[in-house]
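Take a walk through this structure, one element at a time. Keep the 3D view open as you read.

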Amino acid sequence: MTDPTLLVLSSLADGDKHGYAMMEDIERFAGVRLGPGTLYGAITRLEERGWIRGLHAAKSDRRRPYALTATGRAHLEAEVAALAQITRVATRRLKPV
Amino acid sequence: MNRVARWIARLYPPVWRERYGDEFAALLEESGVTWRTAIDVAESALMMRVRSSSFWIIAPCLSALGAVGGIMVASELENRPLPVEIKSLDRANWPPVHDSFARCAAVVGADNCGFKSSMPARTFSSFMAIENGKIVVNYLRGDVEAERQARALASQHWRIDQTTRMFGQAKEPHRLAYAICGLASGLLVCLAIVVIGHRRKMA
């Protein structure tokens, strides 16, 4: 699973994060290092859809944290459920008969 | 490398830079910049441009860029070799020295070797000329040595000397073909970007 938007949503599911923190977190849980361009491409799309929102950065910090919105959380839950269903079926079918 | 990334980040549309520019620069500084990062940023910037611009603005720009690239490649190409033909002439039809000299290419060289060595295009028993856009190697009928030389000459690739332009320019339709290929590939790249951008937007 390397869809950047899903990775960003998953990263924000347990709390607000800024770009670099997301990058590190995604690398930790998915083993994928997103490039800055890919990450911000995903952030832009997600913010346009209203699935995440930018928070106000601290005055001395240029890094803006992002938070998951209610719509974003609902979308992530739906995606995860669909993936879980696929995983269940694939696992069952892979079992030796 | 940071300077390269900052420069590439300028490729993003102004509206995007205004909104994300500061935090994006902070991320680049924090994560460090490698060639991989620079390529990733360039690709993303291009996608943002596509998302924020009309196809009809990007398509002509990329096509023109492709055409310019095609022309640049074409201009670096060696001239297309001219077709070579061997002709034997009777002594009766052998042109007078001044006439054959006037018609022959005084300086022609083997293609693909540049003009490293030029050779006299006329000897007593053979001469080279350009007739109807073709190189013709003439030799004296019955002269075995001249025929051997003529065949050796004809087996090489020949072109018109561009510096003397004695016989005018060779026809080079392949240059136009390269420019058209460049134009088409620019258009294809544009279409590919639009399709990829659209699929990403849908993702």
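Predicted model: local features only at pLDDT ≥ 70, side-chain atom pairs only at ≥ 80, totals over all residues.

G32(B) has a positive phi of about 80°. This glycine sits just after helix 2 of chain B.

Helix 2 of chain B covers residues 14-31. This helix is not straight: at Y20(B) it bends by about 65°. Which of its residues are buried? They are W16(B), Y20(B), E23(B), F24(B), A26(B), L27(B) and L28(B). An α-helix has 3.6 residues a turn, so residues three or four places apart point the same way.

Which residues meet here? From helix 2 come P14(B), W16(B), R17(B), F24(B) and L28(B). From helix 3 come T37(B), V41(B), M48(B) and R49(B).

Stay in helix 3 of chain B for one more residue, A45(B). Is A45(B) buried or exposed? Its relative accessibility is 0%, so A45(B) counts as buried. Part of its surroundings comes from another stretch of the chain. Leaving out residues up to four places away in sequence, A45(B) touches I8(B), L11(B), Y12(B) and P13(B). Take Y12(B) as an example. Y12(B) and A45(B) are 33 residues apart along the chain, yet their C-alpha atoms are separated by 4.6 Å.

Helix 2 of chain B also has a partner in the other chain. Helix 3 of chain A, residues 36-49, packs against it at an angle of about 145°. The axes of these two helices are 11 Å apart. This crossing, too, is right-handed. On the chain A side, the contact is made by P36(A), G37(A), L39(A), Y40(A), I43(A), T44(A) and E47(A). On the chain B side, it is made by W16(B), R19(B), Y20(B), E23(B), F24(B), L27(B), L28(B) and S31(B).

Along the sequence they run α-α-α-β-β-α. Chain A has 97 residues, and 42% of them count as buried. Its accessible surface is about 5,500 Å², with 55% belonging to carbon and sulfur atoms.

Helix 1 of chain A spans residues 4-12. Of its 9 residues, 8 are buried, so this helix is largely enclosed by the rest of the structure. The buried ones are P4(A), T5(A), L6(A), L7(A), V8(A), L9(A), S11(A) and L12(A). What do they pack against? Within chain A, their partners are helix 2, helix 3, strand 1, strand 2 and helix 4.

Return to chain B for its overall plan. It has 7 helices and 3 strands. Their order is α-α-α-α-β-α-β-β-α-α. Of its 203 residues, 35% count as buried. The accessible surface is about 12,200 Å², and carbon and sulfur atoms hold 63% of it. Among contacts between residues at least 6 apart in sequence, 73% join residues at least 24 apart.

A179(B) gives one such view across the sequence. It lies in helix 7 of chain B, residues 173-202. A179(B) counts as buried because its relative accessibility is 14%. Beyond its neighbours within four places, A179(B) is in contact with A67(B), G70(B) and I71(B). A179(B) and A67(B) are 112 residues apart in sequence, but 4.9 Å apart from C-alpha to C-alpha.

End at A152(B), in helix 6 of chain B, residues 144-154. A152(B) is partly exposed, with a relative accessible area of 36%.

Terms used: Residues numbered from 1 in each chain as written. Chains lettered and ligands numbered in written order. Heavy atoms only, no water. Helix = DSSP H or I, 4+ residues; strand = E, 2+ residues; numbered from the N terminus. Buried < 20%, exposed > 50% of the residue type's maximum accessible area, 1.4 Å probe, protein only. Contact = heavy atoms within 4.5 Å. Areas by Shrake-Rupley, 256 points an atom, 1.4 Å probe, with all protein chains shown as cover. Bend = angle between axes of the 7 residues up to and from the residue. Axes fitted to C-alpha atoms, helices over the stretch in contact; angles between N-to-C directions. Left-handed = near helix turned anticlockwise from the far one by under 90°.
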